[in-house]
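Please read the following report alongside the sequence and the three-dimensional view shown here.

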Amino acid sequence: MSLTPHQVVLVQSTFRTIQPMTATAAELFYKRLFEIEPATATLFKGDMNQQGRRFMQVLAAAVGSLSSMSTLVPIVQRLGLRHAASGVRAEHYDSVQQALLWTLALILQDDYTDEVRSAWATAYAMLAGVMKEAAWGVP
């Protein structure tokens, strides 16, 4: 699965819209994730504001590197291994996708078109596949 150049532009441009409100986006994301998959809350220790900042930084780096998969893939593979070591299970990735797309829809509102949703879903599925394959050998 790969992104078209147009999908990369869509993901990157809509992420720029979100960047001024990353703290809100992170808070909404984790609130929704914990509603969808309450067991994931136990995976997070410490300050959730700091966790939210880290999440948004990683997301920004990934989104910014979508045009350079040769650079991005090794980073995402290491992230997948770290997640698995901290207790993340393969099925959690589906809940994360649901929470991410829900958050994007809430923040982007009218700019969250079917085309934008599809681009984000494709980008997430691609990156999650790399992470899961690195951690468990299955995309």
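The model is predicted, so local features need pLDDT of at least 70 and side-chain atom pairs count only at pLDDT 80 or more, whereas totals for chains, interfaces and linings use all residues. Residues are numbered from 1 along each chain as its sequence is written, and side-chain values use heavy atoms, with hydrogens and water left out.

**Helix packing**

Two packed helices are described by the angle between their axes and the distance between the axes. Helices here are DSSP runs (H or I, at least four residues), numbered from the N terminus. Axes are lines fitted to C-alpha atoms, for helices over the stretch in contact, and angles run from 0 to 180 degrees between N-to-C directions.

| Helix pair | Angle between axes | Distance between axes |
|---|---|---|
| α2 and α5 | about 135 degrees | 8 Å |
| α1 and α3 | roughly 150 degrees | within 10 Å |
| α5 and α6 | about 155 degrees | 10 Å |

Angles under 35 degrees count as roughly parallel, over 145 as roughly antiparallel, 65 to 115 as roughly perpendicular and the rest as oblique. With an angle of about 135 degrees, α2 and α5 are therefore oblique to each other. The helices α1 and α3, which cross at roughly 150 degrees, are therefore roughly antiparallel. For α5 and α6, the angle of about 155 degrees makes α5 roughly antiparallel to α6.

As for handedness, a crossing is left-handed if the near helix is turned anticlockwise from the far one by less than a right angle, and right-handed if clockwise. In these terms α2 passes α5 in a right-handed crossing, the crossing of α5 and α6 is right-handed, and α1 passes α3 in a left-handed crossing.

**Cavity and pockets**

On a 1 Å grid over the protein atoms alone, a cavity is a set of points where a 1.4 Å probe fits but cannot get out, while a pocket is an open set with protein on both sides within 12 Å along at least five of seven lines; lining residues have an atom within 4 Å of a point. Grid points are joined across faces, edges and corners, and a volume is the space filled by probe spheres set on the points.

The structure holds 1 cavity of 30 Å³ or more, and the volume of the largest cavity is about 50 Å³. Its lining consists of Ile 18, Ala 25, Phe 29, Phe 55, Met 56, Leu 59, Leu 100, Thr 103, Leu 104 and Ile 107. At least two lining residues come from each of α2 (22-36), α3 (48-64) and α5 (92-108), and α5 gives the most, with 4 residues. By class (Ala, Val, Leu, Ile, Met, Phe, Trp, Tyr, Cys and Pro being nonpolar, Asp, Glu, Lys and Arg charged, and the others, Gly among them, polar), this lining has 9 nonpolar, 1 polar and no charged residues.

The largest pocket holds about 940 Å³ of space. Its lining comprises 36 residues, of which Phe 55, Val 58, Leu 79, His 83 and Met 131 lie nearest its centre. Two or more of the lining residues come from each of α2, α3, α4 (69-85), α5 and α6, with the largest share, 8 residues, coming from α3. The lining of the largest pocket divides into 27 nonpolar, 6 polar and 3 charged residues.

In the second largest pocket there is about 220 Å³ of space, and α2 and α3 are the elements that give two or more residues to its lining. Helix α3 gives the most, with 6 residues. Among the lining residues of this pocket are Thr 22, Glu 27, Tyr 30, Arg 53 and Met 56, and the lining as a whole divides into 5 nonpolar, 4 polar and 2 charged residues.

**Individual residues**

Exposure is classed by relative accessible area, with buried meaning under 20%, exposed over 50% and partly exposed in between (1.4 Å probe, protein chains only). His 6, placed in helix α1 (residues 5-18), is partly exposed, its relative accessible area being 44%. His 6 and Phe 29 are 23 residues apart in sequence and 25 Å apart in space, C-alpha to C-alpha.

Gly 46 belongs to the loop between α2 and α3 and is exposed, at a relative accessible area of 65%. Between Gly 46 and Val 88 there are 42 residues of separation in sequence and 17 Å in space, C-alpha to C-alpha.

Most residues other than glycine have a negative phi. Gln 109, in the loop between α5 and α6 (114-136), has a positive phi of about 50 degrees although it is not a glycine, and at 56% relative accessibility Gln 109 counts as exposed.
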